[in-house]
Amino acid sequence: MVRHVTELSPDFLQEWDIKGLILDLDNTLVPYKSNETAPEIQDWVKCMHASDVKLYMVSNAMHDRVDYWVREFLFPGVGLAAKPLPKFFRRALKALGLPPEQVAMVGDQLFTDVLGGNLAGMRTVMVSPLSDNALPHTKVTRKLERLVLHFLKENAR
């Protein structure tokens with residue numbers, strides 16, 4: 001777990017032999033429903049491109065929204081991915097040309113991003129959501145996430 005996607009530096013990824021990232025969109029790269037991104041995210045994406053870390057977006061957002069951000073960020077992606085089902089994670093791995101052990105799924109939700117990445121055999125990184133704004137069902141799952149994460153934290157001690 002990291003607070004923000006920008007904490008994933010090329011050096012950190014190289015230490016873990018991660019050559020590609022599959023990224024969630026909403027509340028990971030941009031706030032939910034926003035059409036603006038923070039300058040530090042834009043700089044981070046440019047840094048990833050310059051370091052040859054391969055990027056791919058897998059989102060449950062509508063195709064039009066994902067297409068907009070794919071053009072903005074200059075890396076491929078897919079919407080309506082039905083996460084956590086592994087189908088589109090596997091498609092992303094194939095597009096990246098990397099084995100699952102060299103790719104990490106990065107997202108803000110335990111039961112879509114992290115679970116889906118794990119089902120596809122990848123490492124996973126959970127980030128803190130960029131905003132509290134979310135779909136009603138996401139608000140419900142966030143409560144369950146907090147319980148699960150608290151349980152895991154308590155049992156790790």
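**View 1. Gly-20 stands opposite Val-103, a residue of strand 4.** In this predicted model, strand 1 and strand 4 are paired in the parallel sense, and four bridges link them. The pair belongs to an open sheet of five strands, which has the order 3-2-1-4-5 and parallel pairing. At the edges of this sheet stand strand 3 and strand 5, and since each has a single partner strand, one side of each is left without a neighbour in the sheet. Helix 5 packs on the sheet, where it touches strand 4 and strand 5, and its direction makes about 160 degrees with that of strand 5.

**View 2. Strand 4 and strand 5 run parallel and are joined by four bridges.** Strand 4 covers residues 103-107 and strand 5 covers residues 123-126, and within this pairing Ala-104 has Arg-123 of strand 5 as its bridge partner. To pass from strand 4 to strand 5, the chain goes through helix 5, made of residues 110-119, and the β-α-β crossover formed in this way is right-handed.

**View 3. Helix 3, residues 63-73, has a set of buried residues.** These are Arg-65, Val-66, Trp-69, Val-70 and Phe-73. The face turned away from the buried side of helix 3 carries the exposed residues Asp-64 and Arg-71. Among the elements that cover the buried residues of helix 3 are helix 2 (39-50), strand 2 (54-58) and strand 3 (77-78). Leu-74, which follows helix 3, has a positive phi, near 65 degrees.

**View 4. Asn-27 has a positive phi, near 70 degrees, although it is a residue other than glycine.** As background for this view and the next, most residues other than glycine have a negative phi, and most peptide bonds are trans. Asn-27 is placed in the loop between strand 1 (20-23) and helix 2. Is Asn-27 buried or exposed? Its relative accessibility is 2%, and because buried means under 20%, Asn-27 counts as buried.

**View 5. The loop between strand 3 and helix 4 (87-96) holds Pro-84, and Leu-80 is found in that loop as well.** The peptide bond that leads from Lys-83 to Pro-84 is cis, and its omega is near 20 degrees. Leu-80, a residue other than glycine, has a positive phi, near 45 degrees. With a relative accessibility of 39%, Leu-80 counts as partly exposed.

**View 6. The protein chain as a whole has six helices and five strands.** Read from the N terminus on, its elements follow the order α-β-α-β-α-β-α-β-α-β-α. The protein chain has 157 residues, of which 46% count as buried. Among the contacts between residues at least 6 apart in sequence, 64% join residues that are at least 24 apart. The accessible surface of the protein chain comes to about 8700 Å², and 57% of this surface belongs to carbon and sulfur atoms.

Definitions and conventions. Residues are numbered from 1 along each chain as its sequence is written. This is a predicted model: local features need pLDDT of at least 70, side-chain atom pairs count only at pLDDT 80 or more; totals for chains, interfaces and linings use all residues. Side-chain values use heavy atoms; hydrogens and water are left out. Buried means under 20% relative accessible area, exposed over 50%, partly exposed in between (1.4 Å probe, protein chains only). Helices (H or I, at least four residues) and strands (E, at least two) are DSSP runs, numbered from the N terminus. Contact means heavy atoms within 4.5 Å. Two strands pair if DSSP finds at least two bridges between them. A crossover is right-handed if, with the strands pointing away from the viewer, the path from the first strand over the helix to the second runs clockwise. Axes are lines fitted to C-alpha atoms, for helices over the stretch in contact, and angles run from 0 to 180 degrees between N-to-C directions. Accessible areas come from the Shrake-Rupley method with a 1.4 Å probe; for residues, only the protein chains shown count as cover.
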